Amino acid sequence: MTKILAGITTSVDGFIAGPDDGPGKGLGAGGERLHYWVFGGPWTYDDEPRGEPTGEDAAWLADAIGRIGAVVGGRNTYEASRRWGGKNPWGLPFFIVTHRPQEEPDGGAFTFVSGVPEAIEQAAAAAGDKDVHVMGGADVIRQALETGVVDELTIIIAPVVLGGGKRLFEGFSRSIELEHIGVRQSPFATFIDYRVKDG
């Protein structure tokens, strides 16, 4: 049965992006450190990342990708990544939540959907016997958790304190009980997997 998975990287102080995030600086000022684990080490906005994850980072990513049949992301993440250059970075059905789906280009790399429930429903249909990954940003993950559809939540904690930016649970209004189901650690991140017990 298809599960709905949500996962995102945060700083130790709970920020998923530093201050002033946006196109060309998707993780905000200083936020590159959040994704050192993705690229095998330090990188900057001025020097595009070229590396690959290694060790436990690569193992977690391989396990996660092996389970996923479709992805849901938010419009802000899509814009901050410069629309991934019009190329789907996952190579899987990718649903972008936006308030203006009818205005989006029809290039086939992404499907634009008007709400989180609709995006998850369409992604579940497209995933076949695999799972759906809700990748963020934070608002999309909060909405998915608030609607109670998330089965598992992964919080990836980067060893950095950003001191400001966008918080994962800013304005979140619901109490959710989580069950710890796994942890991995590398020099660049700690991956904590939870089952959402009342999702």
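These notebook entries follow aromatic pairs and the strands around them.

**Entry 1: the model.** I worked with a predicted model.

**Entry 2: aromatic pairs.** I looked up the ring pairs and found a count of 14 aromatic pairs. I then examined Trp84 and Phe94, whose ring centres are 5.3 Å apart. Their planes meet at 45°, so I recorded the pair as tilted. Trp84 sits in the loop between α3 (75-80) and β4 (94-97), whereas Phe94 belongs to strand β4, and the two residues are 10 residues apart.

Entry 3: Is Trp84 buried or partly exposed? I noted a relative accessible area of 23% for Trp84; because buried means under 20%, Trp84 is partly exposed. Phe94 has 1% relative accessibility and therefore counts as buried.

**Entry 4: a second pair.** I next looked up Phe110 and Phe112, with ring centres 6.4 Å apart and planes at 55°, so this pair is tilted. Both Phe110 and Phe112 are buried. I found that Phe110 and Phe112 form one aromatic cluster with Tyr78, Trp84 and Phe94.

**Entry 5: strand β4.** Which residues cover the two faces of β4? I found Phe94 and Ile96 on one side and Phe95 and Val97 on the other, all buried. In a regular strand, side chains alternate between the two faces of the sheet.

**Entry 6: neighbours of β4.** I traced strand β3 (residues 68-74), which pairs with β4 in the parallel sense over four bridges. Phe94 is the bridge partner of Val71. From β3 the chain passes through α3 to β4, and I recorded this β-α-β crossover as right-handed. Strand β5 (residues 111-113) runs parallel to β4 and is joined to β4 by three bridges. The partner of Phe95 in β5 is Thr111.

Technical notes
Residues are numbered from 1 along each chain as its sequence is written. This is a predicted model: local features need pLDDT of at least 70, side-chain atom pairs count only at pLDDT 80 or more; totals for chains, interfaces and linings use all residues. Side-chain values use heavy atoms; hydrogens and water are left out. Rings of Phe, Tyr and Trp (its six-membered ring) pair if their centres lie within 6.5 Å; planes under 30 degrees apart count as stacked, over 60 as edge-to-face and the rest as tilted. Buried means under 20% relative accessible area, exposed over 50%, partly exposed in between (1.4 Å probe, protein chains only). Two strands pair if DSSP finds at least two bridges between them. A crossover is right-handed if, with the strands pointing away from the viewer, the path from the first strand over the helix to the second runs clockwise.
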